[in-house]
Amino acid sequence: MAESVTINQKWWSGGKSPFNVEYGKLMMWYFLMSDAFTFGAFLISYGTIRFSSAAWPDPNHVFSSFPFMGHTHLPLVFVSLMTFILIMSSVTMVLAVGAGHVNNRARVIKWMSWTIVGGIAFLSCQAWEWTHLYQENAWWGRNPFANYDGTVASTNFTNFFFTITGFHGFHVFSGVIVNIIMLIMAINGTFERKGHYMMIEKAGLYWHFVDLVWVFVFTCFYLF
Amino acid sequence: MANHSTSDTTAHGSQDEHSFDTKAIWRTFWILLCITCVELIVGMFIAPHFPHHYKIWFNLLYIILTGAKAFYIIAEFMHLRHEIKNLIMTIAIPALLFVWFITAFLWEGNSFKNLRQTLDPRDVKKAEQVMEEPAHPEEGTEHIK
């Protein structure tokens, strides 16, 4: 960490890379910044509408189902499972990046596979949740849930919920596709021929970002 | 390793192998898991027992815990903490814009609500409409935006 960077080094006087990372990795960071502002715009508009509403549905009441449990009231249990799956797949992704650093191809393949499994598991959970809500008659433009105080809720609640979790789910989906491509490249030995696993690191940054966004979606929709 | 480009070598050289030790990764995982569990326990078992006007304090707690989780994901999983200061600043300074965005827009939303409550009597009536049976959707919901 610290020992590789001299404090008084002149980063901007030319001759060296002032951010000390590979070009592609820096651009991945900038892409993630722009994506963060897109998600931020979504979540902040959700917040604005919610602040301008007199009342809002209670998440403990709306999100209280679990597969194969019938009508048992289990508030937030399923979404905590989804959160756990995504954090777990973030861990396996770091382990894959770490294995790439020591050029250990077998372990990269192993951990990338687990990351893909986690991503697919998360998407399956989301598919179940959406199907369940759809069967409860919730969709864009339809809201069967009352506000916490029993008054009629507007469709803003479902519109924002499906748009934002859908946009996040689409990011997870693209992340899974990227990870599958990385896995195929690792199996084919592409990174070994290149001599480094930098691409796994860039895919990893994207994957962690998806996890990061979920942390905010989770708080904004399920806790507030 | 022989066909490295120069920039790749510098990028590689700056990374410390120790920063990727699995112990630190798992420690971060446990921290994230514990924070999520605290959020869930508060959300499921503690917050519902308090009157609704206490909710703002629980929300404040969730914001602090969410911020802590975001910090750990960015710093450890995305490895930003171990990068050089120039890179950290090029990410962190633009992200500060969020502070202003959130403050301004939530203030705005609250102001919409207050204005409508004082200026639009129909809106007050709509907000007082009680929902009948939750089984079938209200026709009235379509009109309330």
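1. The largest nonpolar core has 67 residues, and A:Ala96, A:Val108 and A:Met112 touch the most other members. Such a core is a set of buried Ala, Val, Leu, Ile, Met, Phe, Trp, Tyr and Cys residues joined through C-beta atoms within 7 Å. Buried stands for 20 or more other C-beta atoms within 10 Å of a residue's own, with C-beta atoms placed from the backbone. Helices 1 (23-52), 3 (77-101), 4 (105-135), 5 and 7 of chain A, along with helices 2 (22-46) and 3 (55-77) of chain B, each supply at least two residues of this core. Helix 7 of chain A gives the largest share, 16 residues.

2. A word on what you are looking at: this is a predicted model, where local features need pLDDT of at least 70 and side-chain atom pairs count only at pLDDT 80 or more, while totals for chains, interfaces and linings use all residues. Residues are numbered from 1 along each chain as its sequence is written, and chains are lettered from A and ligands numbered from 1 in the order in which they are written.

3. Chain A has seven helices and zero strands; these are DSSP runs numbered from the N terminus, helices being H or I of at least four residues and strands E of at least two. Of its 224 residues, 42% are buried.

4. Do have a look at helix 7 (residues 198-223) of chain A: 22 of its 26 residues are buried. Helix 5 (residues 156-188) of chain A has 33 residues, and just after helix 5, A:Gly189 takes a positive phi of about 80°.

Methods. Buried ≥ 20, exposed ≤ 12 C-beta atoms within 10 Å, placed from the backbone. Expected span 1.5 Å × (residues − 1).
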